[in-house]
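Some notes follow for a colleague who is opening this entry for the first time. Please read them with the structure in view.

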Amino acid sequence: MPRLQLSDRCWDVAPACNLLDALLAAGVPVPYSCRAGSCQACLVRCVAGEPRDAKPDALDAPRREQGWRLACQCSVVEPLQVEVFDPTRDAMPAQVQAVEWLSARVLRLRLQPQLPLRYRAGQHLLLWADGIARPYSLACLPGEDAGLEFHIDCGRPGAFCDAARQLQVGDSLHLGALSGAALHYDPGWQERPLWLLGAGTGLAPLWALLREALRQDHRGPIRVVHLASTGAEHYLAAPLLALAERHPQLQVELIEAAAMPAFLAALRPASRQTVALLCGGPETVEAVSRRLYLAGLPRSQLLSDLFLPHA
């Protein structure tokens, strides 16, 4: 049986057992969220030995060279010594600049990182608060002076949401891994129809991508669709409609859950050149993606980012 070591603790584990499960079973408080290798909350550093990694490309080369691995994707196949990610040592501090409720359930959080952060519109960032780590999409644009902006859905109970509700200006958080390459804006799309379809707070990265497209003088038609449970949850309705007044190529649609079946039934791409960016919960995103594909849109022009529930 392979032996697992953490600091001064050593114990035997079953051959090829999942590394995250082995650490949790031993009482090691490793945070995790999706268990799919996308949230990157369960980072551990391999000090000695090498696990079998099911998703070696989930981390960038510099972090892999430093020994970082995603515990949820690794199996213990030989003696292994690891260190768990410590946000006070391995993450960047950030200070809360602003906390504002955009609707009854959506909290806008603005953070000022200790050092400038290089990112692209459409990426997400791991936030650490009170030992809890969750990935959230950036709703801001590089170069903006308002800090880092996140839209946090606090409509359901959750450890991070509970902590976020208590945040006040001046409080400190830590910023973990920056990831997400599925959603982006390509300047080569300038003449093509661009559709941005977000469900709930899946609108957050699309809000950034919309402004990126306009900043790069996108000339094709842009259709923004926000799918929400009720009309009160169209939390960016006012700024979206204000943008539409200033940009004639921009069309904004606010769809409530009751109207979703009719919306899907009528959904057709403007042309086969349309690029569609989708973001939100798996059920809604997959339903929209399937409908657009069946209506003739190539899969290569359907880019999506799923907000996976906490595993």
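1. Which residue in E7 is the bridge partner of Asn18? In this predicted model, the partner of Asn18 is Ser75. That bridge belongs to the pairing of E3 with strand E7 (residues 74-76), which is antiparallel and has 2 bridges.

2. The sheet around that pair is an open one of 3 strands, in the order E3-E7-E5, with antiparallel pairing. Strand E3 (17-18) and strand E5 (52-53) are at the edges and have a single partner strand each, so one side of each lacks a neighbour in the sheet.

3. Strand E16 (residues 222-228) deserves a separate look. Buried here means under 20% relative accessible area. By that cut-off 7 of the 7 residues of E16 are buried, so the strand is largely enclosed by the rest of the structure.

4. How do the side chains of E16 divide between the two directions? In a regular strand, side chains alternate between the two faces of the sheet. Ile222, Val224, His226 and Ala228 point one way, while Arg223, Val225 and Leu227 point the other way. The residues of both sets are all buried, with Arg223 and His226 among them.

5. One partner of E16 is strand E15 (residues 194-199); E15 and E16 pair in the parallel sense over 6 bridges. Within this pairing, Trp195 has Arg223 of E16 as its bridge partner.

6. E16, helix H6 (residues 237-246) and E17 make up a right-handed β-α-β unit.

7. Within H8, the buried residues are Val285, Ala287, Val288, Ser289 and Leu292. What covers the buried residues of H8 includes E15 and E16, together with helix H7 (260-266), strand E18 (275-280) and strand E19 (302-306). Just after H8, Gly296 has a positive phi of about 110°.

Technical notes: Residues numbered from 1 in each chain as written. Predicted model: local features only at pLDDT ≥ 70, side-chain atom pairs only at ≥ 80, totals over all residues. Heavy atoms only, no water. Buried < 20%, exposed > 50% of the residue type's maximum accessible area, 1.4 Å probe, protein only. Helix = DSSP H or I, 4+ residues; strand = E, 2+ residues; numbered from the N terminus. Pairing = 2+ DSSP bridges. Right-handed = clockwise from strand over helix to strand, strands pointing away. Contact = heavy atoms within 4.5 Å.
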